[in-house]
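Thanks, everyone. I have one structure to go through today, and I will keep to a few local contacts.

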Amino acid sequence: MKATHPMSYGQRGVTLVELLVVVVIIAILAAIAYPSYRNQVMRSNRTEARVALEQRALQIEKCFTRFMSYASEQCAASQEAANAQTPERNYQVTIVGTETTFQLTATAINGQAADTACPALTIDERGRRLPAACW
């Protein structure tokens with residue numbers, strides 16, 4: 001009886017169909033995972049806006065404590081600093097104020113603009129943070 005090699009009748013590698021099945025499975029996993037990943041990145045980037053708003057509100061409150069006005073001439077540097085982009089350039093911070101009130105708003109820009117759940121975060125002189133779900 002003649003001995004046969006086990007590979008002589010079997011396959012010698014990966015077929016094109018098997019390779020395509022693996023590629024399709026990877027594509028499906030990526031299609032499910034990427035939006036979830038992107039959503040999590042946008043949620044974590046909101047921290048940048050929160051920190052920027054709280055820091056700028058603190059600067060403006062210090063100025064109010066010294067000069068009894070949010071719109072004081074001596075507070076111009078604080079207000080100019082408040083109207084700027086965040087360090088990672090995901091938000092544009094703006095201030096609207098009077099003698100006795102202010103509202104700081106961080107508006108999503110660049111890639112963060114896709115964050116439709118929280119396109120802008122605000123804080124005012126009373127410490128109100130809106131929208132509450134984004135803080």
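I will start with the aromatic rings and then move to the strands. Keep in mind that this is a predicted model.

A search of the whole structure gives three aromatic pairs. One of them is F64 with Y70, which is stacked, at 4.3 Å centre to centre and 20 degrees between the planes. Y70 also pairs with F102, and here the geometry is edge-to-face: 5.0 Å between centres, with the planes at 70 degrees. Taken together, ring pairs join F64, Y70 and F102 into a cluster.

Are Y70 and F102 buried or exposed? Y70 has a relative accessible area of 7%, under the 20% cut-off, so Y70 counts as buried. F102 is buried as well, with a relative accessible area of 2%.

Now the strands. β3 runs antiparallel to β4, and five bridges join them. Q103 has D124 in β4 as its bridge partner. Strand β4 covers residues 120–124 and is mostly covered, with four of its five residues buried.

On to β5, residues 129–130, which pairs with β4 in the antiparallel sense over two bridges. R129 in β5 stands opposite I123. The hairpin of β4 and β5 has four residues between the strands, and in it G127 takes a positive phi near 85 degrees.

Last, the side chain of R129. Its charged end sits over the ring of W135, 5.3 Å from the ring centre.

Definitions and conventions. Residues are numbered from 1 along each chain as its sequence is written. This is a predicted model: local features need pLDDT of at least 70, side-chain atom pairs count only at pLDDT 80 or more; totals for chains, interfaces and linings use all residues. Side-chain values use heavy atoms; hydrogens and water are left out. Rings of Phe, Tyr and Trp (its six-membered ring) pair if their centres lie within 6.5 Å; planes under 30 degrees apart count as stacked, over 60 as edge-to-face and the rest as tilted. Buried means under 20% relative accessible area, exposed over 50%, partly exposed in between (1.4 Å probe, protein chains only). A charge sits over a ring if NZ of Lys or CZ of Arg is within 6 Å of the ring centre and within 35 degrees of the ring normal. Two strands pair if DSSP finds at least two bridges between them.
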